[in-house]
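Hi everyone, thanks for coming.

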Amino acid sequence: MKTILAKFDSSFFVRNFLRTDALDIILKNNICLVFLVPKEKIEYYKKEFPHPDIVFDVLPDLKKSAIERFFNTVERFSIHTNTVYMIFRSEFEKTRNLNVTHRFFIFAAKFFLWQLGRFSFWRVFLRKVYFLIPSKKFETFFKKYKPDLVFAPYMVFTDHALLKEAKKARIKTLGMTLSWDNLYSKTFLLVHPDHLIVQTDKIANQVCEIGDYRGKITAAGIPQYDRHFTKKDVVPRSDFFKKIGADPQKKLIVYAFSGKQGLHLDFDILNIINEARNKKEFVEEVEILARPYPRTDFPEDKLKKIKSDYGILAFSSTKHVGGGNNDWEFDEESIFLLENTLAHADIVITMYSTFFIEAAIFDKPLVGVTFDGLKKPSYWDSASRFFEWDHLRDIKPLNGIWLIKNKEELVTVI
């Protein structure tokens with residue numbers, strides 16, 4: 001029996017791999033899977049995925065390592081893309097309360113790294129220096145389980161330490177990019193695995209151009225979207241509407257929150273949509289469903305307030321296990337809610353969420369918000385900047401998204 005060792009510290013891998021057909025395919029091939037996971041979630045995973053060939057062990061907390069945090073920071077700001085520049089320029093504009101000298105020093109350091117990042121020699125230099133730094137966080141696990149393959153399913157931050165140690169121990173390594181924006185904003189592949197899985201041919205080009213990767217690449221598709229195409233969990237509209245307390249005779253507007261960068265604007269947009277409903281500005285009667293972003297999921301009291309104060313439907317997008325920033329989990333109930341929300345939406349509205357991709361699979365009308373609700377922030381804190389991020393700029397010319405520039409246009413388009 002062959003053994004594959006992998007680590008994961010967020011639920012994206014659970015959704016992308018453990019809750020897809022990929023897991024069953026692997027296990028049918030007489031392979032033992034060893035997963036290193038956060039201590040507070042180990043019992044949960046054992047109950048969710050009971051199988052004699054799956055082993056869970058406690059993941060070392062690499063995020064406390066100063067050297068790992070240092071290289072993660074240097075790597076991220078050495079990615080010479082428009083997205084990275086816009087992120088640290090936005091951070092500079094938002095920190096006006098800091099000492100002026102301190103602000104400009106941080107900005108200058110990031111800008112210097114960003115400019116260096118345009119040169120391949122700098123990226124190669126960082127990889128070589130990082131590889132030379134000793135690390136023995138995973139040595140115990142290599143001796144204990146004797147893996148034939150080490151799998152890094154994110155290719156960001158702490159995955160680098162695992163890959164580095166595996167390569168030094170002469171264990172075969174496999175990496176997988178996590179999402180469509182990672183090469184633009186999170187990694188230039190600080191460690192190169194022997195074989196790399198990407199989702200699309202476009203990302204394959206990015207790992208060569210941005211990540212200097214010259215190894216074997218497989219474009220394998222997006223396994224977590226298989227459910228969307230097969231619609232295996234989709235129930236009749238009337239059943240889903242009954243479950244969420246909605247009227248099936250009304251149209252369903254879904255507003256998907258995008259994450260912390262746009263959170264200060266999201267509620268204004270939601271209020272504009274709700275106000276238009278109350279004033280009967282839409283030609284149809286509508287229900288409004290607000291979907292929190294998984295990493296910034298709303299607590300129960302906020303969900304209740306959204307429902308009671310505005311009559312807007314709102315449910316937690318994930319299950320919560322353990323504590324801290326990564327307590328969220330895509331369990332089967334969360335995936336059911338996600339899939340049926342997409343399947344039964346009549347229109348999907350968001351700022352910069354991956355919902356643009358997922359709703360397109362269901363052939364839904366897509367609306368992208370590029371104005372700032374009732375606020376008037378600077379450009380560097382506004383919604384209009386999001387479609388200048390590289391991954392969104394890539395899909396903008398495809399004309400699959402109706403980009404809305406003001407309140408009146410939003411109501412008209414709906």
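**A first look around**

Let me start with contacts, where contact means heavy atoms within 4.5 Å. Among contacts in this protein between residues at least 6 apart in sequence, 64% link residues at least 24 apart. Before going on, please keep in mind that this is a predicted model, where local features need pLDDT of at least 70 and side-chain atom pairs count only at pLDDT 80 or more, while totals for chains, interfaces and linings use all residues. Residues are numbered from 1 along each chain as its sequence is written, and side-chain values use heavy atoms, with hydrogens and water left out.

The secondary structure comes to 19 helices and 15 strands. Those are DSSP runs, helices being H or I with at least four residues and strands E with at least two, numbered from the N terminus. The radius of gyration is 22 Å, close to the 22 Å from the globule rule for 414 residues, so the protein is as compact as a globular protein of that length. That radius is taken over C-alpha atoms, and the rule is 2.2 Å times the number of residues to the power 0.38. Along the principal axes, the C-alpha atoms fill a box of roughly 65 × 55 × 40 Å. Buried residues make up 55% of the 414. Buried here is under 20% relative accessible area, exposed is over 50%, and partly exposed is in between, using a 1.4 Å probe and protein chains only.

**The seven-stranded sheet**

Now look for the open sheet of seven strands, with the order β3-β2-β1-β4-β5-β6-β7 and parallel pairing. Which strands are at the edges? They are β3 (54-58) and β7 (216-219), each pairing on one side only. Two strands pair if DSSP finds at least two bridges between them. Neighbouring strands of this sheet are turned by 20° against each other on average, direction ignored.

Let's zoom in on β2, residues 31-37. Seven of its seven residues are buried. I31, L33, F35 and V37 point one way from the strand, while C32, V34 and L36 point the other way. β2 runs parallel to β1, joined to it by six bridges, and K7 has L36 of β2 as its bridge partner. With β3, β2 pairs in the parallel sense over five bridges, and V34 is partnered with V55 in β3.

Further along the order, β4 (149-152) and β5 (172-176) pair in the parallel sense over four bridges.

How many of the 10 residues of α9 are buried? Eight are, so α9 is largely enclosed by the rest of the structure. Among them are H160, L162 and L163. Besides the three strands, the buried residues of α9 pack against α4 (66-77), α7 (120-132) and α8 (139-145).

In the loop between β4 and α9 we find F157, which has a positive phi of about 45° although it is not a glycine. Is F157 buried or exposed? It is buried, with a relative accessible area of 18%. After α9 comes R170, whose phi is also positive, near 60°.

**Two helices side by side**

Next, find α5 (82-94) and α6 (100-116). Their axes come within 10 Å and cross at roughly 175°. Axes are lines fitted to C-alpha atoms, for helices over the stretch in contact, and angles run from 0 to 180 degrees between N-to-C directions. The two helices are therefore roughly antiparallel, a term for angles over 145 degrees. V84, Y85, F88, R89, E91, F92 and E93 in α5 meet R103, F104, F107, K110, F111 and W114 in α6. These contact residues divide into eight nonpolar, no polar and five charged.

**Two loops to finish**

K231 lies in the loop between α12 (226-230) and α13 (237-244). Its phi is positive too, near 55°, and at 39% relative accessibility K231 counts as partly exposed. Finally, D363 is in the loop between α17 (355-361) and β14 (366-369). D363 is exposed, with a relative accessible area of 68%.

Key
Angles under 35 degrees count as roughly parallel, over 145 as roughly antiparallel, 65 to 115 as roughly perpendicular and the rest as oblique. Ala, Val, Leu, Ile, Met, Phe, Trp, Tyr, Cys and Pro count as nonpolar, Asp, Glu, Lys and Arg as charged, and the others, Gly among them, as polar.
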